[in-house]
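Thanks for making the time this morning.

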Amino acid sequence: MKGRIHSIESFGTVDGPGVRLVVFVKGCPMRCLYCHNPDTWTMEGAEEIEPEAIIRQYISAEGFYRNGGITVSGGEPLLQMEFLTELFTLAKAHGIHTCIDTCGITFRPDDAAYMEKLNALLKLTDLILLDIKHINPEEHEKLCCQPNAPILAFARYLSDIKLPVWIRHVVVPGITQNERWLYETGRFIGSLNNVKALDVLPYHDMGKVKYEKLGMDYPLKDTKPLTKAEAIAARKIILDGICAFKLEQRKQ
Ligand code: SF4
């Protein structure tokens with residue numbers, strides 16, 4: 001089964017532990033206002049690549065990946081579960097650490113056939129990088145043009161099956177840089193039992209150039225990048241929410 005791929009980054013350092021081969025797939029049902037990969041949204045122009053070719057590429061530079069592995073990012077990787085399952089089956093046969101960078105929007109717990117495929121893939125997955133874009137349902141729709149219920153349900157499911165997760169949250173001025181939303185995000189994260197790391201990422205506008213090149217209007221052109229100090233302050237509010245939830249649980 002070939003994957004429909006946007007690009008491959010040979011030595012990624014921000015998409016999971018260590019130095020990694022990062023495979024960016026095509027296709028995403030979300031339309032996040034700050035997305036800096038709008039060229040991954042559709043399948044148009046995808047390169048079809050076999051899992052074996054990706055494993056060969058990894059093995060050819062294996063010495064560089066000693067504490068790393070393979071991450072599939074996107075776009076939305078879980079749109080191509082069969083391809084990922086083949087890729088990760090090969091990866092595990094070679095002892096390679098596997099990671100999926102997903103927004104979780106495709107989660108369909110009531111669809112038995114879907115869940116069978118998902119569980120087969122998750123058994124081969126060492127780590128999930130899960131983006132929580134916005135904790136509030138209405139604000140999430142405005143930010144991503146999709147509901148957040150499947151994403152939060154996916155986070156809860158990963159917690160139930162104890163699959164390690166790194167949570168990522170982008171703080172955007174005027175959108176998620178909001179005390180109430182940050183605190184609620186923290187409380188939700190606090191209710192999960194599988195979170196190994198929390199990345200609070202400051203919004204930046206480096207994607208602007210890509211929109212210009214694609215002839216697309218950049219929706220956040222009037223939004224200023226978040227400063228480092230603001231990101232630290234936002235992280236603290238999320239951590240306060242996590243602590244508050246955990247303390248309440250202990251008291252019960
Ligand atoms: S989920 Fe990721 S790839 Fe999809 S629109 Fe949002 S930021 Fe872009």
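By a nonpolar core I mean a set of buried Ala, Val, Leu, Ile, Met, Phe, Trp, Tyr and Cys residues joined through side-chain atoms within 4.5 Å, where buried means under 20% relative accessible area with a 1.4 Å probe, protein chains only. Please keep in mind that this is a predicted model, in which local features need pLDDT of at least 70 and side-chain atom pairs count only at pLDDT 80 or more, while totals for chains, interfaces and linings use all residues. Residues are numbered from 1 along each chain as its sequence is written, and side-chain values use heavy atoms, with hydrogens and water left out.

The largest nonpolar core has 54 residues, and those with the most contacts inside it are Ile54, Ile70, Leu87, Leu118, Ile128 and Ile167. Its largest share, 6 residues, comes from helix H2, residues 81-93 (helices are DSSP runs of H or I, at least four residues, numbered from the N terminus). Apart from this core lies another, of 18 residues, among them Cys35, Val170, Val172 and Tyr211.

Now to the helix pair. The axes of H3 (residues 112-122) and H5 (residues 149-160) come within 13 Å and cross at roughly 55 degrees, the axes being lines fitted to C-alpha atoms over the stretch in contact, with angles from 0 to 180 degrees between N-to-C directions. Met115, Leu118, Asn119 and Leu122 of H3 meet Phe154, Tyr157 and Leu158 of H5, contact meaning heavy atoms within 4.5 Å.

Technical notes:
Buried means under 20% relative accessible area, exposed over 50%, partly exposed in between (1.4 Å probe, protein chains only). Helices (H or I, at least four residues) and strands (E, at least two) are DSSP runs, numbered from the N terminus.
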